[in-house]
Amino acid sequence: MNYVYLYLLAPLHTGGTTQEGNLLGIARESHTNLPYVPSSTIRGKLRSTVGNDIEQRIKRVQLFGPDLKDTQDTGFLEMYEAETDKKITQLEQGNIWIGDGSILWMPVPSLSHGVIWISCPLLLQRWAKFNGNPEIPAEYSTNLATKAPVYLKDAILPAKSLQNWDNWQNFIPQSPEANAITRVLVLPDRHCATLIQMSLWRQVKIKLDEHKSVDGGFRYEEAIPPDTLMYFTWGITSQANGKGEESSADFKALLSENSILQIGGQESLGRGFVQQWLGNN
């Protein structure tokens with residue numbers, strides 16, 4: 001199984017079913033309630049980066065499957081069959097599958113250290129399954145000095161609860177894109193989930209009328225904050241049928257040509273910019 005890292009360069013609003021009162025929430029995992037990026041969002045964005053000439057269009061269908069427009073274009077279907085020796089008669093999956101984007105490390109403001117990236121055994125174990133299953137660090141493991149308390153938003157972690165973590169870099173991708181992550185702390189699952197919830201980006205939005213007066217109420221809009229490190233998995237579907245290596249190479253080339261992506265909502269406000277790169281497995 002392969003994976004791709006996402007380092008958020010701007011707040012990422014993925015949209016979702018969470019809407020309570022005047023809060024426009026983001027997509028969340030049903031079993032953990034943690035924010036995530038739906039695979040359909042990632043897949044749709046990558047699909048849109050493929051060009052529209054006939055060669056690129058054929059490649060797009062091979063990788064991601066046809067859309068309704070493709071199945072209704074008789075001329076394209078004939079060219080596709082001539083080029084690939086494969087006939088399209090209906091909507092079907094492509095040769096590549098893409099998984100959901102999961103949080104690995106998330107930045108949290110700290111009065112004592114500026115910003116600290118937090119994670120938890122649940123998130124690290126999930127990631128470790130794709131990385132040779134390294135030993136998961138104990139709760140409160142950190143690369144920070146353990147002789148002084150750590151202040152995280154409204155929480156104070158006493159020095160006696162902290163544990164030295166020497167091999168913390170094994171849990172950080174050794175890529176220039178992730179160099180900013182230098183202060184890390186592993187929290188218990190329940191505390192990590194609470195701090196992630198408290199550290200989400202929230203913007204107040206209002207609507208003005210023609211007189212520049214507030215029209216109606218206001219609302220909050222959530223987003224995953226910049227400098228969060230996420231990842232998603234991908235692989236080859238059974239649909240590839242002998243074309244797996246070719247499709248894998250095409251997909252990797254597509255990723256290398258688009259190191260910066262803009263995914264999720266609020267594109268016109270500069271939201272959703274992420275830097276992505278292939279993980280080593």
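In the predicted model, a salt bridge joins the side chains of Asp73 and Arg57, with a nitrogen-to-oxygen distance of 3.2 Å. The two residues belong to distant parts of the chain and are 16 residues apart. Asp73 lies in the loop between helix 3 (68–71) and helix 4 (74–84), whereas Arg57 is part of helix 2 (residues 54–64).

Salt bridges link Arg47, Arg57, Asp67, Asp70 and Asp73 in a network. In general, side chains of opposite charge can pair when their charged atoms come close. For the model as a whole, the count of salt bridges is nine.

Two further salt bridges were examined. One of them is formed by Glu92 and Lys86, whose closest nitrogen and oxygen atoms are 3.5 Å apart. Glu92 has a relative accessible area of 22% and is therefore partly exposed. Lys86 is likewise partly exposed, at 27%. The other joins the side chains of Lys243 and Glu246, with a distance of 3.8 Å from nitrogen to oxygen. This distance qualifies because the cut-off for a salt bridge is 4 Å. Lys243 counts as partly exposed, with a relative accessibility of 40%, and a relative accessible area of 40% places Glu246 in the partly exposed class as well.

Backbone angles were considered next. Most residues other than glycine have a negative phi. Asp227 has a positive value, with phi near 70°. Asp227 is located in the loop that runs between strand 12 (214–223) and strand 13 (229–236). The relative accessibility of Asp227 is 34%, so this residue counts as partly exposed.

A positive phi is also found at Gln266, which is not a glycine and has a value near 60°. Gln266 lies in a loop too, here between strand 14 (260–262) and strand 15 (273–278). With a relative accessible area of 23%, Gln266 is partly exposed. Gln266 is not classed as buried because its 23% is not under the 20% limit of that class.

Definitions and conventions. Residues numbered from 1 in each chain as written. Predicted model: local features only at pLDDT ≥ 70, side-chain atom pairs only at ≥ 80, totals over all residues. Heavy atoms only, no water. Helix = DSSP H or I, 4+ residues; strand = E, 2+ residues; numbered from the N terminus. Buried < 20%, exposed > 50% of the residue type's maximum accessible area, 1.4 Å probe, protein only.
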